[in-house]
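The exercises below are to be worked with the sequence and the coordinates open. Each task is followed by a solution in steps.

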Amino acid sequence: MSRLETISRLWRKQSITIKFACAFSLLFALLVLEALVGYGALGVVLKAEAEILSSVEIRQRVFKMDGELEKARRMYRDFFLTYSEIGFAKAHSQHFLPAKAVISRVVALSDDLRKIVETSAVSVTLRERNKDIALYLSSAQRFGESFEQIVDLVTILAAPESGLLPQLEQLGGRLDDMLRDTREPYLLFLAMDRHRQEYLNSRQRPFLQMALNSGFNLEQALGAEPELTPARREKARKLLRDYLTVAGRIPDVDVKIRGLLNDFTLQAQAVDPISRDLKALAALEVDRARARINAVSRVATVAIVVTALIGLGFALVVAALIHATVTRKIVALTQAAGELRADGLEARPQAQAGDEISALAATFQGMVARMQDLVANLESKVDQRTQELAAANDKLEQVVRELDEKNQALEVTTRTDRLTGLANRRRLEEALQTEVLRARRYGKPFSVILLDIDHFKKINDQFGHQAGDNVLIAIAGLLTRTARETDVAGRYGGEEFLLVCPETVVQVVAALAERLRVEFTTTDFPLVGQVTSSFGVAEFIQGDSVESLVERADQALYRAKGSGRNCVEVDVGTAG
Amino acid sequence: MNRAALLVLLFAVLSAPFLLSACAPAPEPCNDTLGCVDIGPDEPLKLGMIQALTGTVAALGQEQVRGLELALARRNGKLLGHTVQLLSEDTYCNPEGGANAALKIVADPKVLAIFGTTCSGAAALAGEVMSKAGLSMISGNNSAPFLTSIGGHRAPKWVAGYLRTAPNEESAGPVAARFAYKKLRIRRAATINDGDIYTQGLTNGFRHEFERLGGTIVLDATVNKNDTNMEPVLTTVVNSKAELVFFPLFQPEGNHLLLQARKMPALAKTVLMSDGSLIEDSFIQAVQGAAVGMYFVGPTPPRKTAALEKLAAEYQARYHTLPPTYYYVNAFDAANILFDAIGKAAVQGADGRLHIGRQALRNALYATANHAGQTGPLTCDEFGDCAAQSFNVLRMTDPAGGVEGLKGNTVYTYAKGQ
């Protein structure tokens, strides 16, 4: 099994929580990495910027420091060039004092510079040059001190009147005056003075030594000079001793001055390369810092782009993994649920062991299996129940039919006279009530015929009740055949029959009654023979009720009975 | 792995740099009054070396350098496990050169001490600069009394932290004077210096002792360095009727003076006496026979011992030449005293760094006692003098014998306290 497969299997086994935790942790790590790269690059750039600023500041200060030192040197030079012309006091105030102030500024500047280099963000190389700045500082201080010393020495040497050289000049002048009229001494004096002048021109000590030697000879000559008085000789000797003393001091001062001048030269040799190197190094620092910014920017850009691309690629991989291991399962589960909803009980989502969705799919599978079982049982039960219901329905329909038949029979029974098959009294009363209501509401006319078989008792008595019943049945037949379709004929009671004639006036009804009477009279009833009937006719009038109408028809019948039977009597109220 | 474990892992990764950075040790404090020099485990131990490396006295400067190198070589070039870095500067054998050389050295705060100078004149200002910066300096060649003590008191140019293994020539001038007065019976003497404190110290010592003995200093002249025409000053000598000229000059002024004096008949009987600065083969070779009859006062050479012969052999093996003088031995002793003092003053920190207090180093240097030097036992006094004063007066009889021949012709010896 390859390592990739092992990893893949291991990955599939992990729960969704772990998968999401791993994926988002790695994404977060990439984001952190990118942020760190950016932060690091920004830090380097800021540091480089600080280095540039520091280097520029250092360079500016070196320029200023160097310029100030050069200024001090110019003042120092001007002091020596001008003091003989403008005088010591003026040269002191114009050049020496300002030079001291400038030197103080140089010292302060170099001290500041040293602190800046120590504390600022500059390279190790530049920081290591701090010892050179310290040397610059101490050299500047030494320059100031040496300048003061040399001015003091020059003052000793050349200050007006009090300086050695003016003194020597004065003493020489006095000796010249004093010895001018002598021969040998004056020649020696001239030789001495020439050597003095040679010394002053060359500053070579042997010339001064020669002057001293001439002075020694002059002193000897003064003793032998006859032109000089003792007092003048002594005075000349004193002048000569003073001259030689002053002259003897001059080379020592010159040596010291020369030493200090040499000091300046050495200082310049030490300091000048420092400022030049510092300027170059500061410029190099700026260039290096700029180069570093560019390099870091390029590297940071590449790093950020690479990490972004890696992050993007990784996000896609993570998305694919999530899709493969989570989303696809959810989609499959959703489809299975949809199929299930659409009666697709065959839906079976894959349930691989491992994550929660697989567990859910397994649960879903169990649920579907359970539903399939349930559905299968339900159909068989429904079929059974349907069959049972169908059987019950058939039975019910049978019962209903039987009931309808019975109801119909009952209806016929309840509304029909059992013997004659005509409407019974109840049916007649309902018909009368209906017609009365209609007549009242619409003003339609209707009439009734009440007939009674004449001497029916005799028929029963004579021929038996069966014969009587047969008469009744026959008359019912006659009524049914004679009455109109809209008329209702019924047995009102015993041997009385009532015929309800809707929308018919009494005259028509009276004629109908007459035709019935005749029909009866002409009918040969079996066994009995001729049977007659009396008829009473009445028409509805407003204000009538069923009872009052029937009563008026009954009155008319009574009158027919009274009139000899077998006749038709019309209700008086109706007729009138 | 649960969520909590993931969070712990993430926190650990993110916090690791901060935890690691918290482990850096803090620097140890320095309680030395003059400050400390801290040397990292891989850093060199820096020493300044200011000598006369160019000019006519470069040979003397070279001997000083070689003495130091030999001492260092015996320690395999290391002190306390650190390589030694020598920062070398030329003093040009003059005060301002010494001052500027010292300024360059002390500008580096890592420099622990200075080995130098060759010339006392250079040491005068270099010592001021060095002392002001809190350093220590030791020389194997300076002998001017002005630098340490005169008559048991601090000399004018004394500074704290300056020591030397060359004997104080406070006695050299007087020894020459005593020899001149007592042995040569000279009563009129002239002195010629070059304005340097070394030569002035010698001529002053000569004058004081000579006058104290009853003699007369008829001339106390000065020549400038680089003067070539000595005839005027020699004429002055003639005029002064001096019987002896004491001229403790360096080359080439000493050479010029000798050679020109020999050409002046008036000085044919005048005794010429110089000092140790001309006890050199180069001088003898330059003046040859002119030096015959001349006297030199100089430090008593070290006794020939097996240890010294071994050192000389090392010298020869290293530089492929015989040592021209014994001054490299004084330099060797000076270097060893310095190295030993550094070892005593150094404190190895818990952080692996070496901490050396500047005052502690000075104290260790001044505490040097009975150091087994090649020139003899060395004990440094409060003024910085470590060598006993012992001087010989030599007379040149055969220039062909060179310095060794000259040293073999000792006519007078003085040892202080004996």
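**Exercise 1. State how exposed A:Val528 is, and where it lies.**

Step 1. A:Val528 counts as partly exposed because it has 17 C-beta neighbours inside 10 Å. A residue is buried with 20 or more other C-beta atoms within 10 Å of its own, exposed with 12 or fewer, and partly exposed in between, the C-beta atoms being placed from the backbone.

Step 2. This is a predicted model, in which local features need pLDDT of at least 70 and side-chain atom pairs count only at pLDDT 80 or more, while totals for chains, interfaces and linings use all residues. Residues are numbered from 1 along each chain as its sequence is written, and chains are lettered from A and ligands numbered from 1 in the order in which they are written.

Step 3. A:Val528 sits in the loop between β4 (524–525) and β5 (529–530) of chain A. Helices (H or I, at least four residues) and strands (E, at least two) are DSSP runs, numbered from the N terminus.

Step 4. Beyond its neighbours within four places in sequence, A:Val528 is in contact with A:Ile459, A:Phe463, A:Ala467 and A:Val471. Contact requires C-beta atoms, placed from the backbone, within 7 Å. For A:Phe463, 65 residues away along the chain, the C-alpha separation from A:Val528 is 7.1 Å.

**Exercise 2. Find which residues of α13(A) are buried, and how they are arranged.**

Step 1. Helix α13 of chain A covers residues 465–482, and its 18 residues reach 25 Å from first C-alpha to last, close to the expected 26 Å. The expected span is 1.5 Å times one less than the number of residues.

Step 2. A:Gly468, A:Val471, A:Leu472, A:Ile475 and A:Leu479 are the buried residues of α13(A). Viewed down the axis of α13(A), they fall within an arc of 95°, so they line one face of the helix. The arc is taken over the directions from the helix axis to the C-beta atoms.

Step 3. An α-helix has 3.6 residues a turn, so residues three or four places apart point the same way.

Step 4. A:Gln466 and A:Arg481, on the other side of α13(A), are exposed. The buried residues of α13(A) pack against elements including α12 (456–463), β2 (488–493) and α14 (506–522) of chain A.

**Exercise 3. Identify the strands that pair with β16(B), and the direction in which they run.**

Step 1. Strand β1 (residues 36–39) of chain B is joined to β16(B) by four bridges and runs antiparallel to it. Two strands pair if DSSP finds at least two bridges between them. B:Val37 has B:Ile356 as its bridge partner in β16(B).

Step 2. Three bridges join β15 (residues 346–348) of chain B to β16(B), again antiparallel. B:Gln348 stands opposite B:Leu354.

Step 3. Five residues separate β15(B) from β16(B) in a hairpin, and B:Gly352 in the turn has a positive phi of about 85°.

Step 4. From β16(B), B:Leu354 and B:Ile356 point one way and B:His355 and B:Gly357 the other, and all are buried.

**Exercise 4. Give the strand order of the six-stranded open sheet in chain B, and say which strands stand at its edges.**

Step 1. The order is β3-β4-β2-β5-β6-β9 (chain B), with mixed pairing.

Step 2. β3 (78–79) and β9 (162–164) of chain B stand at the edges with a single partner strand each, so one side of each is left without a neighbour in the sheet.

Notes:
Contact = placed C-beta atoms within 7 Å.
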